[in-house]
Amino acid sequence: ADDCPNTYGESWQNGTLGCTDTDTDGWADSDDSFDDDETQWHDVDGDGYGDNIGGLSPDDCPNEWGNSTEGGVLGCIDSDGDGWADSIDALPLDPTQNADSDGDGYGDNPTGTDPDDCPNTPGTSTIDRLGCPDSDGDGYSDLNDAFPDDANRSIDSDQDGYDDLEDDCPNTAGSSTNGSLGCFDADQDTWADTNDSFPLEPTQ
């Protein structure tokens, strides 16, 4: 029997016969979630992606509402709304990042939040660079740490072997160890010139 006796139609699926079927997929428009797409008709979770895996833009999570649109995974949960499904988003709560090649927690997108300065090498640095190797765990990357194996020292501006926090002359290289540490010592008697009454006489 014609379910729409007063309207011409060719629907024949789902027990609804003879009703309007705009996309000619057999499903009456009244039963078709996609009346303009002949490859899709069901959308159980109502997220706009069809359940037919062989149709156009199939839902990868047909029983769970989702808004993902990127990476070939459609209609799955995307917590941060960046288009990438949580299942393939390395940082599912950060809308500016989705990939983390080295898996250290810092994203690969250089313009996103907290971008990884060493995207292909895992690291824990947090001060001078993010996500780069930090052997001593002091926060400074090995690339900028004058003492990469000493967690208590990191910066040596004058490169004299003394950390800026202990160096009495942090911007002037020196070898003094008496009176002042890391200051210029012209006669190399261990006393800084500023503390040496005889700065050019190593025996005094």
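Biologist: Let's start with side chains: which residue does glutamate 166 meet in a salt bridge?
Modeller: Glutamate 166 pairs with arginine 153, at 2.8 Å from N to O. Keep in mind that this is a predicted model.
Biologist: Noted. What else does arginine 153 form a salt bridge with?
Modeller: Aspartate 150 is a partner as well, and the closest N and O atoms there are 3.1 Å apart.
Biologist: Okay, change of topic. How many helices and strands does the protein chain have?
Modeller: Zero helices and zero strands. The radius of gyration is 34 Å, well over the 17 Å that the globule rule gives for 204 residues, so the chain is more spread out than a compact globule.
Biologist: What box do the C-alpha atoms fill?
Modeller: Roughly 120 × 20 × 20 Å, taken along the principal axes.
Biologist: What share of the contacts is between residues 24 or more positions apart?
Modeller: Such pairs account for 2% of the contacts with a separation of 6 or more.
Biologist: And how much of the chain is buried?
Modeller: Buried residues make up 37% of the 204 residues. The accessible surface comes to about 11,400 Å², and carbon and sulfur atoms hold 50% of that.
Biologist: Now the cysteines. How many disulfides does a search of the whole structure find?
Modeller: It finds four. Counting bonded cysteines along the chain, they follow the pattern 1-2, 3-4, 5-6, 7-8.
Biologist: Can you take me through some of them? What is the sulfur distance for cysteine 61 and cysteine 76?
Modeller: Their sulfur atoms are 1.9 Å apart. The link is right-handed, with 95° about the S-S bond, and cysteine 76 is buried at a relative accessible area of 3%.
Biologist: Which cysteine does cysteine 118 bond with?
Modeller: Cysteine 118 forms a disulfide with cysteine 132, with the sulfurs 2.0 Å apart. That link is right-handed, again with 95° about the S-S bond.
Biologist: Are those two cysteines buried or exposed?
Modeller: Cysteine 118 is buried, at a relative accessible area of 14%, and cysteine 132 counts as buried at 0%.
Biologist: What about cysteine 169, which residue is it joined to?
Modeller: A disulfide joins cysteine 169 to cysteine 183, at 1.9 Å from S to S. The link is right-handed, with 90° about the S-S bond. Cysteine 169 is partly exposed at 23%, whereas cysteine 183 is buried at 3%.
Biologist: One last thing, serine 11. Why does it count as buried?
Modeller: Because its relative accessibility is 4%, and buried means under 20%.
Biologist: What does the side chain of serine 11 reach?
Modeller: The backbone oxygen of threonine 16, at 2.8 Å. Leaving out residues up to four places away in sequence, serine 11 touches several residues, among them Leu17, Cys19, Asp21 and Trp27.
Biologist: Great, thanks for the tour!

Note on methods:
Residues are numbered from 1 along each chain as its sequence is written. This is a predicted model: local features need pLDDT of at least 70, side-chain atom pairs count only at pLDDT 80 or more; totals for chains, interfaces and linings use all residues. Side-chain values use heavy atoms; hydrogens and water are left out. Buried means under 20% relative accessible area, exposed over 50%, partly exposed in between (1.4 Å probe, protein chains only). A polar contact is a pair of N or O atoms within 3.5 Å; within protein, one must be able to donate a hydrogen and the other to accept it, and residues adjacent in sequence count only if both atoms are side-chain atoms. Contact means heavy atoms within 4.5 Å. Helices (H or I, at least four residues) and strands (E, at least two) are DSSP runs, numbered from the N terminus. The radius of gyration is taken over C-alpha atoms; the globule rule is 2.2 Å times the number of residues to the power 0.38. Accessible areas come from the Shrake-Rupley method with a 1.4 Å probe; for residues, only the protein chains shown count as cover. A salt bridge is a side-chain nitrogen of Lys or Arg within 4 Å of a carboxyl oxygen of Asp or Glu. A disulfide is a pair of cysteine sulfur atoms within 2.5 Å.
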